[in-house]
Amino acid sequence: MSQYENVIMLPQTNQLKCLYTIIRDRNTRRGDFIFYSDRIIRLLVEEGLNQLPIESCQIQTPLGVSYDGHKFLGKICGVSIIRAGESMEQGLRDCCRSVRLGKILIQRDEETATPKLFYVKLPEDIPERYVFLLDPLLATGGSASMAVDVLLQKGVKEERILFLNVLASPEGIEVFKKKFPKIKVITGMIDQALDEKKFVVPGLGDFGDRYYCI
Amino acid sequence: MSPLSSEPPSKSATHTDLQANKYIPPWTSPYIIGVAGFSGSGKTTVAQKIIEQINEPWTVLLSMDNFYKPLTPEQRELAYRNEYDFDTPEAYDLEAFYNCIISLKEGKKTQVPVYSFALHNRTDESISIYGANVIIVEGIYSLYDPKVLALMDTKIYVDTDLDICYSRRLLRDIVERKRDIEGIIEQWEKFVKPSSVVSVKPTMYNADIVIPHGSDNTKAIDMIIKHIRKQLQKKSAEHLAHLARLGRMVAPINFNNIKALPKTNQLLGMKSIILNRETSNDDFIFYFDRIASTLISEALELVHYSPAPSDIITPNGYRITDGVVQAQEVVAVNIIKSGDCFMRSLRKIIPEAIVGKVLIQSDSQTGEPQLHTERLPKFSSGCKVLLFDAQVISGAAATMAIKVILDHDVEESEIVLVVYLASETGLRRILNAFPNVKIVVGNLSAVEPKEGQDNDTDWWMSMRFIDARYFGTD
């Protein structure tokens, strides 16, 4: 497990390592990349949902006996960072059928070399919801931080944001720990470092390209 | 000092435990009935009436015709000219017949050859028989070989007058088999009649019961059926008592073999949805699928993995040094139809998985589990078998399914039972019979529950409801 309280890493089982071995391999074709990434994303979503609260309730069983059960508490929505983050939307919908999905487009400004916000579309009532922020790679944390700023400006509570990513760098984790200590970061694996080009090492390449194009 | 008194009493107790541990399915000692008589005597009709009346879930009719010896080209020529003797005991492969019966008697999966009368040879096909509770062996020489007689529980001889047999045979061969009348008469005079008198008739003395006037004798057939039913009830009672003993065994459950899902918020919430009578079918299916995915993922942790080759490179050119690959094929087996609830989730996780099926149902009156059908693939050596059942209540069906899988040459330690709701009694029974089987369970009840804990008397631990709700058949 991770050493940070609000950073939750999936249990590093053999099965999970096997899935990562496949998606890291540059010889893995897109069909397999999508299939095995989707499996990891599903595990991330289940782990994320487990962070949500439940409350006690009485239910009626088919025999008419009441039973001390539990029900889910709080509404959620997903917000994906275009384009790679959209690959995680289906995984969320597999667990929450009609979940609302907001989108944020952030791109690097060619002149200033800093991330710039291009497009935001979020559900109206997002301040009342738990937000699953979706981006498969957490590298420098630059665009994810900007997305979080957008959410906070819209009135989302920091402790109600869950940031789901497939792969994280220690640097990216550090950024979130410092800037947004109340956000729960749910990640499948934390890699060794960033290289001089700000790629995660060993990483898995450009997630969006591999999921959509290559 | 006698050797018996020197033995400490504890040892004999252990011995009894060991015997109780071993699960003996009903087909390990199938009830075998032999039916003999002249050609045309009505053996097959008698056998079919018995099958209809005893109404056992898995009854097999085995004809000795399958055991004709393959003919040489010369013999085949004779056969086409009606000059080959098919009615002498020598025409049958009695050794193969005996081996087949003994294999069935031992409860093994048995291949029965298929003989083609058109080719006068064995075909490449064979019939596979496994798990039958009752086997009826029918043929003119089924009561001939003393070794085979010793394996039969009831031996019946259908005694019909030879001239009646002759007229029936004439009719059958002309009308059904379109053969010419001269050939039939010649064959009858030359082979059928002498063999019948010399070799078939004496086997009547090996029978327990002789039915005069053959298949028209309804009174005799009724009596036979009553007798067989009584024997089968006795057998069924023994099976049930045996299963009960397995559940009562006080040996503590080896929890190392049981992996129960943690009670996460999601699983607690989903359990309430599954148990709530207000839940729509839509929601029930959706949430069961989600639970099933989690259970399957958990089960896949038990598959063998090995280090990946060291030449895996990422798109950015970095070498993967700690890669892992799956080292074992996964084969699924569903207990129809409760295990079928896992199918959709399984297909999402392992789209190409091979799936075998077994249908096991409990007798509505006695509750005895009965194997109705099994369609299992050839298990590759060293594969992992995931056995799916949505609920384990008494554990009888799962115990039987595991035994079936073991009989198909799968290692006990490579079987993983995947189940959502399980009673402790049921799992105890399974592990007492098969201590090396692994179990992945969503909700495990306790026999001695603490406050707020599930227990074996909770209604969902004593009622099958998941498959009925999942498939909308309640």
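The side chains of Lys337(B) and Asp467(B) come together in a salt bridge, with 3.7 Å from N to O, in what is a predicted model. This pair ties together distant parts of the chain, 130 residues apart: Lys337(B) lies in the loop between β11 (330–336) and α11 of chain B, while Asp467(B) belongs to helix α14 (residues 466–471) of chain B. Lys337(B) is partly exposed at a relative accessible area of 29%, whereas Asp467(B), at 11% relative accessibility, counts as buried.

A salt bridge also joins Arg344(B) to Asp289(B), whose closest N and O atoms are 2.9 Å apart. Here too the link spans distant parts of the chain, since Arg344(B) sits in helix α11 (residues 343–349) of chain B and Asp289(B) in helix α10 (residues 281–300) of chain B, 55 residues apart. Arg344(B) is partly exposed, with 48% relative accessibility, and Asp289(B) is buried, with 9%.

In the pair formed by Lys403(B) and Asp407(B), the N to O value is 3.4 Å. Lys403(B) counts as buried because its relative accessibility of 18% falls under the 20% limit, while Asp407(B), at 25%, is partly exposed. In chain A, salt bridges with shared partners connect Lys75(A), Asp125(A), Glu128(A) and Arg129(A) into one network.

| Salt bridge | N to O |
|---|---|
| Lys337(B) and Asp467(B) | 3.7 Å |
| Arg344(B) and Asp289(B) | 2.9 Å |
| Lys403(B) and Asp407(B) | 3.4 Å |

Over all chains, the count comes to 29 salt bridges.

Note on methods:
Residues are numbered from 1 along each chain as its sequence is written. Chains are lettered from A and ligands numbered from 1 in the order in which they are written. This is a predicted model: local features need pLDDT of at least 70, side-chain atom pairs count only at pLDDT 80 or more; totals for chains, interfaces and linings use all residues. Side-chain values use heavy atoms; hydrogens and water are left out. A salt bridge is a side-chain nitrogen of Lys or Arg within 4 Å of a carboxyl oxygen of Asp or Glu. Helices (H or I, at least four residues) and strands (E, at least two) are DSSP runs, numbered from the N terminus. Buried means under 20% relative accessible area, exposed over 50%, partly exposed in between (1.4 Å probe, protein chains only).
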